[in-house]
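The model comes first, and the notes follow it.

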Amino acid sequence: MAEEKSQASSSKMLTLKASDGVLFEVELNIAKEMKTVQAYIDDCEDIETIPIPNVLGKHLAIVIEYIKKTNEEYDAEFEKQWNMDDLQLLLLAANYLNISGLQECLCKAIAKRIENKSPEYVRKVFNIENDHSPEEEAKLRKEYKWAFEGVDKD
Amino acid sequence: MAGETAWISHYDEDMKKETVDFNLELDEEIDKDGSAVSVDIILPDDLLERILSYLPIASIFRASCVCKRWHATSERFLLNPSHLLPQKPWYFMFTSSDEPTGHAYDPNLRKWYCIELPFVGTSNWSISSSYGLVCFMDNDSSFMDNDSRTELCLCNPITKSCRKLQKPPGMSSDYGALAISVDKETHDYTVAIVKSKQVPGNFFQWDISIHIYNSKEEAWVTPLTEVLTGWRGGEESVICNGVLYFVVYYTGGVPPENRHALVAYNISNQFSQASLSFIHIPCSLTCARLMNMKEKLVMVGGIGKLDRPDIIKGIGIWVLRDKKWEEIVRMPHKYFQGFGEFDDVFGSSGVDDLIYIQSYGSPALLTFDMNIKQWKWSQKCPVTKKFPLQLFTGFCFEPRLETAP
């Protein structure tokens with residue numbers, strides 16, 4: 001669906017196939033930003049279609065867009081559009097595809113979203129079970145009481 | 001040879017679950033009803049740790065409460081903060097003149113916290129801070145000949161650990177300036193006190209003595225005593241790059257140049273008969289505040305009117321380079337006016353790249369970021385002025401867990 005016009009014959013095009021079957025035609029130098037893809041190309045030189053089994057088309061499109069556009073301004077605006085679930089899935093995609101710039105941008109963005117949230121919110125968002133005993137948790141909250149005041153509502 | 005199997009990772013199983021959920025419209029406010037999260041996304045621990053490493057310190061305290069693993073990671077980060085982003089320093093503002101209670105401002109989250117300092121004391125403290133430790137000296141005992149009431153104590157405002165230090169030997173003084181410097185590698189610290197006492201019967205002469213305490217030796221030495229003519233020390237000093245700087249004030253009537261001067265004393269050279277060197281102040285000031293900003297000496301000064309040098313008309317910031325002052329910036333008039341009434345003396349301190357400035361008459365707090373040259377008001381302090389003569393003072397400090405007194 002996100003097919004792009006072929007460039008002049010000198011720049012090689014590659015096809016990436018997302019987990020839901022969506023195909024993306026990208027220039028070789030764009031694809032190489034994904035170190036995982038680079039490794040695949042290094043191993044199988046003549047390959048033209050590379051499967052990306054862990055990433056949905058929706059997220060692969062965003063990742064490719066990011067690589068093409070990346071600059072400081074874009075970074076700042078980029079993460080504002082996505083909800084917490086998308087940010088996490090994009091982070092998983094960037095981690096799997098091994099794109100360090102995008103990983104950093106997303107880690108920072110997620111940190112910013114949770115920086116003034118309660119522990120309950122954080123547990124919900126990351127699906128973490130609270131394995132502290134009630135006494136342990138009470139002790140932690142009491143020790144640095146001030147840190148638990150004034151948090152954003154969930 | 002990377003075969004097909006290398007690409008079918010352990011995520012495959014989860015993806016099958018997620019694909020179905022993604023056909024739903026993901027609500028922006030996904031947590032509103034709190035009944036269920038529509039997608040079960042599990043980030044691996046190394047990614048969660050990276051996210052944690054981008055949090056400000058106060059958030060990491062909260063993060064330690066999430067689960068045992070996060071508690072272990074948070075502790076590790078708090079005790080080895082080199083793995084965290086550099087944090088902007090906080091500012092503690094006393095909100096009562098009698099008690100050590102107050103509010104600490106966290107510019108990373110733009111929040112005020114109600115924090116109690118771990119000792120009981122009264123007003124009129126000299127305060128100096130370095131790398132998470134804050135040193136307090138009680139100035140009130142100076143009028144008594146009996147030195148036994150001079151209090152000197154060292155604390156970490158976050159961990160609340162606190163320790164009384166033995167006082168320097170010698171005479172009581174009319175003025176005392178305090179400075180502390182913590183070694184970032186070893187966590188050893190040096191405390192310096194500059195005492196000034198008027199020579200009895202002589203209006204112009206002052207006995208100056210410098211006392212240095214080293215945490216390794218746990219002892220005071222007095223490497224220098226000198227008599228100054230026409231100048232006295234005050235309560236403003238800082239240690240920067242192994243050099244003790246303190247402000248001196250002209251007492252001889254009409255000053256030859258400016259009312260203030262800076263004196264430098266090289267602490268590391270105390271065994272080689274180092275003496276005091278005088279450094280001129282760049283212009284006529286009503287008040288001078290010194291601070292160590294990444295081992296550079298920075299001065300925030302109240303600029304006096306030309307015809308009335310004791311009346312403040314603005315504030316400037318200078319840095320000392322090769323014994324010469326370089327002007328960094330002047331406070332734009334709108335910020336100066338924003339304080340309302342501005343006395344000729346004011347409070348200012350800073351760490352790393354952030355300078356705090358406050359007028360003693362109100363809890364308004366202004367910051368200047370030296371890196372991006374930006375002025376910014378803090379969030380409004382949750383304390384209001386209760387009576388007309390109430391004074392607000394404070395100090396800048398780094399929130400750290402890894403240093404102890």
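Of the 405 residues in chain B, 52% are buried, where buried means under 20% relative accessible area with a 1.4 Å probe, protein chains only. This is a predicted model, in which local features need pLDDT of at least 70 and side-chain atom pairs count only at pLDDT 80 or more, while totals for chains, interfaces and linings use all residues. Residues are numbered from 1 along each chain as its sequence is written, chains are lettered from A and ligands numbered from 1 in the order in which they are written, and side-chain values use heavy atoms, with hydrogens and water left out.

**Chain B: fold and domains**

- Chain B has 24 strands and five helices, taken as DSSP runs (H or I of at least four residues for helices, E of at least two for strands) numbered from the N terminus.
- Among contacts in chain B between residues at least 6 apart in sequence, 50% join residues at least 24 apart; contact means heavy atoms within 4.5 Å.
- Domain 1 of chain B spans 43-78 and domain 2 spans 90-397, with bounds from an automatic or database domain assignment.
- In this contact, domain 1 of chain B contributes five residues and domain 2 of chain B seven residues.
- The C-alpha centres of these two domains of chain B are 35 Å apart.

**Between the domains of chain B**

- Domain 1 and domain 2 of chain B bury about 360 Å² between them, 77% of it from carbon and sulfur atoms; buried area is the accessible area (1.4 Å probe) that two parts lose on being put together, summed over both.
- On the side of domain 1 of chain B that touches domain 2 of chain B, three residues are nonpolar, one is polar and one is charged. Ala, Val, Leu, Ile, Met, Phe, Trp, Tyr, Cys and Pro count as nonpolar, Asp, Glu, Lys and Arg as charged, and the others, Gly among them, as polar.

**Between chain A and chain B**

- The area buried between chain A and chain B is about 4900 Å², and carbon and sulfur atoms give 66% of that.
- Chain A puts 56 residues into the contact and chain B 51 residues.
- One salt bridge is counted between the chains: B:K68 pairs with A:E136, with the closest N and O atoms 3.0 Å apart.
- α5(A) gives the most to the side of chain A that touches chain B, with eight residues.
- That side of chain A comprises 27 nonpolar, 13 polar and 16 charged residues.

Note on methods: Buried means under 20% relative accessible area, exposed over 50%, partly exposed in between (1.4 Å probe, protein chains only). A salt bridge is a side-chain nitrogen of Lys or Arg within 4 Å of a carboxyl oxygen of Asp or Glu.
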